[in-house]
Amino acid sequence: MNLRRIFFSAMTAIAATVAFAQNNVAEEVAWVVGDQPIWKSEIEEQYNNLMYEKTNLPGDPYCIVPEMLAVEKLYLHQADMDTVEVSDAMVMAEVDARINQYIAMLGSREKMEEYYHKPLAEMRSQMTEMIRNNYRVREVQRSLTKDLKVTPSDVRKYFDKLPADSIPYVPMQVEVQIITVNPVIPRQEIEDVKARLRDYAERVNSGESEFSTLAVLYSEDQGTAVRGGETGFMGRGRLDPEYAAVAFNLNDPKKVSKIVESEYGFHIIQLIEKRGDRINTRHIMLRPKVSANDLTDATRRLDSLRADIIDNHKYTFEQAVVLSQDKDTRANRGVMVNNENGTTRFQMEDLPQEVARKINDMQPGEISESFVMIDPKLNREVVAIVKLTNRIEGHKANLSDDYQTIKGMYETSMQNKIIEEWLQKKIDQTYVRIEDGWRNCEFTHKGWIKEKSAE
């Protein structure tokens with residue numbers, strides 16, 4: 001059993017609750033783990049989850065499902081002992097995102113409530129508890145494996161012992177360099193944005209409007225707007241420096257900050273709470289809009305630069321990167337880095353879609369014409385040219401070409417081993433009672449059924 005998949009989606013959990021209510025299963029204790037009962041109703045509910053997902057269970061569901069629930073309770077008990085805390089803002093962000101997704105799928109809030117036979121408030125409450133538990137379990141697992149150290153020698157030994165049929169196939173990958181230009185935004189557009197933010201600040205300071213209401217209605221940071229602009233507790237290192245400098249100097253939760261310009265746009269900020277070196281704030285962010293003429297001008301500038309590289313040989317691509325306005329890639333000779341694995345290699349679907357379309361038919365060494373793309377960090381239009389530096393065709397993994405992939409496989413196997421050993425020890429040390437009718441199983445883990453003297 002993969003210990004990282006012991007939970008089920010919020011959507012199916014809601015559907016299963018409905019199914020259980022309709023079946024009217026009587027309450028009955030099946031297992032006891034520590035001082036926590038596992039009710040027959042819980043097992044039926046989770047079994048309905050799996051049926052809803054069309055999950056193929058490798059055995060008797062009335063053995064598999066209660067064991068999954070027991071494992072969850074062991075993790076949550078450890079989370080209680082470790083006083084694992086989860087940011088309310090982080091939980092609510094995921095709850096809101098999922099609810100918005102369901103509404104989009106079903107067409108409206110009313111249709112969603114009708115489909116699940118539950119009011120939104122009840123769905124939100126159930127989802128919040130489940131997602132909070134998910135985060136707490138992941139934090140326990142992260143804590144168990146955080147000290148794992150991996151050396152190249154370890155990776156090599158692991159790879160040498162891999163059976164041939166366990167060596168993964170690596171799809172085609174590319175390496176790309178990029179130069180971007182941010183179109184010039186007219187001063188009047190910036191002044192208009194600032195005027196709107198000043199108006200919002202005055203409405204809050206005068207008591208006319210709630211900051212959170214204005215954030216929901218007008219903020220262009222969609223990730224926080226759904227939570228009334230709330231960012232959740234963060235340290236300085238996780239905040240934009242300009243934002244952090246103003247936010248950490250706020251002292252009155254009833255007042256709104258001056259306008260702050262960051263690389264993402266313009267903000268006004270309201271303090272919620274400070275806890276030591278972390279702060280929780282609300283903000284409203286607006287971005288000045290780029291006009292068609294500004295995009296055209298930026299496109300011409302990059303077309304001219306491309307001609308100087310290819311036709312006039314004034315620069316190499318690497319020399320021209322100093323003109324790029326993407327500070328991350330500019331400091332790295334224009335090389336794009338895959339945030340998922342920390343390497344310079346991308347599968348096509350991992351690239352921004354505009355970049356992937358451009359390089360699809362290019363050969364290594366070629367430089368694209370200029371094109372407009374959405375900067376994934378700034379969420380705004382920029383103009384770019386890209387150079388395809390390498391294309392690695394699909395192949396069976398090997399150490400020379402795919403070290404990071406194999407290292408990741410080894411780390412995962414070691415993390416699973418650490419977690420498995422911890423879980424087995426936890427089972428051995430925990431009082432467990434399984435009622436008659438639930439004991440005749442081949443469980444994934446040993447030690448659930450204790451000897452009489454141990455009870």
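**View A. Glu435 sits in the segment after β12 (432-434).** This close-up, like the others here, comes from a predicted model. Glu435 has a relative accessibility of 26%, so Glu435 counts as partly exposed. Set aside the neighbours within four places in sequence, and Glu435 is in contact with Val29 and Ala30. There's also a polar contact to pick out: the side chains of Glu435 and Arg433 are joined at 2.8 Å. For a sense of scale, Pro376 is 59 residues from Glu435 in sequence, and the two C-alpha atoms are 53 Å apart in space.

**View B. The hairpin of β1 and β2 has two residues between its strands.** Strand β1 covers residues 29-33 and strand β2 covers residues 36-39. The two pair in the antiparallel sense, over four bridges. To get your bearings, find Val33, which stands opposite Gln36 in β2. Then look at Gly34 in this hairpin, which takes a positive phi near 65°.

**View C. Trp31, Phe443 and Trp448 are linked into a cluster by ring pairs.** What sort of aromatic pair do Trp31 and Phe443 form? Their pair is edge-to-face, with 5.4 Å centre to centre and 80° between the planes. Trp31 lies in strand β1 and Phe443 in the segment after β12, so this pair ties together parts that are 412 residues apart in sequence. Both Trp31 and Phe443 are buried. Now for the other tryptophan: the rings of Trp31 and Trp448 have centres 5.2 Å apart and planes at 70°, so this pair is edge-to-face. Again, distant parts of the chain are linked, with Trp31 in strand β1 and Trp448 in the segment after β12, 417 residues apart. How buried are the two tryptophans? Trp31 has a relative accessible area of 0%, and Trp448 comes in at 1%.

**View D. Helix α4 takes in residues 88-106, 19 residues in total.** From its first C-alpha to its last, α4 reaches 27 Å, close to the 27 Å expected at 1.5 Å a residue. Which residues of α4 are buried? They are Ala89, Val91, Val95, Asp96, Arg98, Ile99 and Tyr102. Just after α4 comes Gly107, which takes a positive phi of about 110°.

**View E. Three strands form an open sheet in the order β4-β10-β9, with antiparallel pairing.** The edges belong to β4 (173-181) and β9 (371-375), and each of them pairs on one side only. From one strand to the next, the twist averages 55°. Strand β10 spans residues 380-392, and five bridges join it to β9, with the two running antiparallel. A handy pair to find here is Met373, which stands opposite Val382 in β10. Helix α12 (residues 292-310) lies across β4, β9 and β10, and runs at about 30° to β10.

**View F. Another open sheet has four strands, in the order β5-β8-β7-β6, with antiparallel pairing.** Strands β5 and β6 (260-262) stand at the edges with a single partner strand each, so one side of each has no neighbour in the sheet. At the β6 end, three bridges pair β6 with strand β7 (residues 265-275) in the antiparallel sense. Ser262 stands opposite Gly265 in β7. Helix α8 (residues 187-205) packs on the sheet, where α8 touches β7 and β8 (278-286), and its direction makes about 35° with that of β7. A further helix to look for is α9 (residues 211-218), which lies across β7 and β8 and runs at about 50° to β8.

**View G. Asp240 lies in the loop between β5 (234-235) and α11 (241-247).** What does Asp240 touch, not counting residues up to four places away in sequence? The residues are Ser262, Glu263 and Tyr264. Ala292, by contrast, is 52 residues from Asp240 in sequence and 28 Å away in space, C-alpha to C-alpha.

Definitions and conventions: Residues are numbered from 1 along each chain as its sequence is written. Side-chain values use heavy atoms; hydrogens and water are left out. The expected span of a helix is 1.5 Å times one less than its number of residues. Buried means under 20% relative accessible area, exposed over 50%, partly exposed in between (1.4 Å probe, protein chains only). Two strands pair if DSSP finds at least two bridges between them. Axes are lines fitted to C-alpha atoms, for helices over the stretch in contact, and angles run from 0 to 180 degrees between N-to-C directions. Contact means heavy atoms within 4.5 Å. A polar contact is a pair of N or O atoms within 3.5 Å; within protein, one must be able to donate a hydrogen and the other to accept it, and residues adjacent in sequence count only if both atoms are side-chain atoms. Rings of Phe, Tyr and Trp (its six-membered ring) pair if their centres lie within 6.5 Å; planes under 30 degrees apart count as stacked, over 60 as edge-to-face and the rest as tilted.
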